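Come along and look with me.

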Amino acid sequence: FMIHYEQDAEPTIELNKAKQLMAAGHYAEAEHALRQALAIDPSMSAALVNLGNAVLGLGRPDEARRSR
């Protein structure tokens with residue numbers, strides 16, 4: 001049994017996964033999910049903002065500023 005998602009739903013799934021990961025303090029995994037979302041939809045502003053927060057949580061403030 002396979003679930004098929006609409007193409008524009010996939011980055012949203014990655015974004016939601018990343019938010020849950022960040023809430024649990026798993027910033028590296030969240031960064032990965034956010035980069036996947038942005039690879040699918042580079043214009044997804046919520047993923048870009050959250051990427052900034054994830055890399056800030058990883059102690060990379062210079063990169064975080066560039067992401068926002």
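How are α1 and α2 oriented to each other, roughly parallel or roughly antiparallel? Before answering, I noted that this is a predicted model, in which local features need pLDDT of at least 70, side-chain atom pairs count only at pLDDT 80 or more, and totals for chains, interfaces and linings use all residues. Residues are numbered from 1 along each chain as its sequence is written, and side-chain values use heavy atoms, with hydrogens and water left out.

**Entry 1: α1 and α2**

I looked up the helices as DSSP runs (H or I, at least four residues), numbered from the N terminus. Two packed helices are described by the angle between their axes and the distance between the axes. For helix α1 (residues 10–23) and α2, I found an angle of about 165 degrees and axes 8 Å apart. Here the axes are lines fitted to C-alpha atoms over the stretch in contact, and angles run from 0 to 180 degrees between N-to-C directions. So α1 and α2 are roughly antiparallel to each other, a label for angles over 145 degrees.

I also noted that α1 passes α2 in a left-handed crossing, meaning that the near helix is turned anticlockwise from the far one by less than a right angle. Next came the contacts (heavy atoms within 4.5 Å). On the α1 side they include L15, A18 and L21, and on the α2 side A30, L34 and I40. I sorted the residues of this contact into 11 nonpolar, one polar and four charged. In that sorting, Ala, Val, Leu, Ile, Met, Phe, Trp, Tyr, Cys and Pro count as nonpolar, Asp, Glu, Lys and Arg as charged, and the others, Gly among them, as polar.

**Entry 2: a stop at I40**

I40 is found in helix α2, which covers residues 27–40. I read its relative accessible area as 38%, so I40 is partly exposed; buried would be under 20% and exposed over 50%, with partly exposed in between (1.4 Å probe, protein chains only).

**Entry 3: α2 and α3**

I then turned to helix α3 (residues 45–57), whose axis comes within 9 Å of that of α2 and crosses it at roughly 155 degrees. α2 and α3 are therefore roughly antiparallel too, and α2 passes α3 in a left-handed crossing. Among the residues that meet are L34 and L38 in α2 and L48 and L51 in α3.

**Entry 4: salt bridges**

How many salt bridges does the structure hold? I counted six, each a side-chain nitrogen of Lys or Arg within 4 Å of a carboxyl oxygen of Asp or Glu.

One of them joins E31 and R60 (2.7 Å, N to O). This pair links distant parts of the chain, with E31 in helix α2 and R60 in the loop between α3 and α4. E31 counts as buried at 12% relative accessibility, whereas R60 is partly exposed at 28%.

R35 and E63 also meet in a salt bridge (2.7 Å, N to O). R35 sits in helix α2 and E63 in helix α4, 28 residues apart.

My last pair was R65 and D62, with the closest N and O atoms 2.6 Å apart. They are three residues apart in helix α4, so about one helical turn separates them. Finally, I noted that salt bridges with shared partners join E31, R35, R60 and E63 into one network.

Conventions
Helices (H or I, at least four residues) and strands (E, at least two) are DSSP runs, numbered from the N terminus. Angles under 35 degrees count as roughly parallel, over 145 as roughly antiparallel, 65 to 115 as roughly perpendicular and the rest as oblique.
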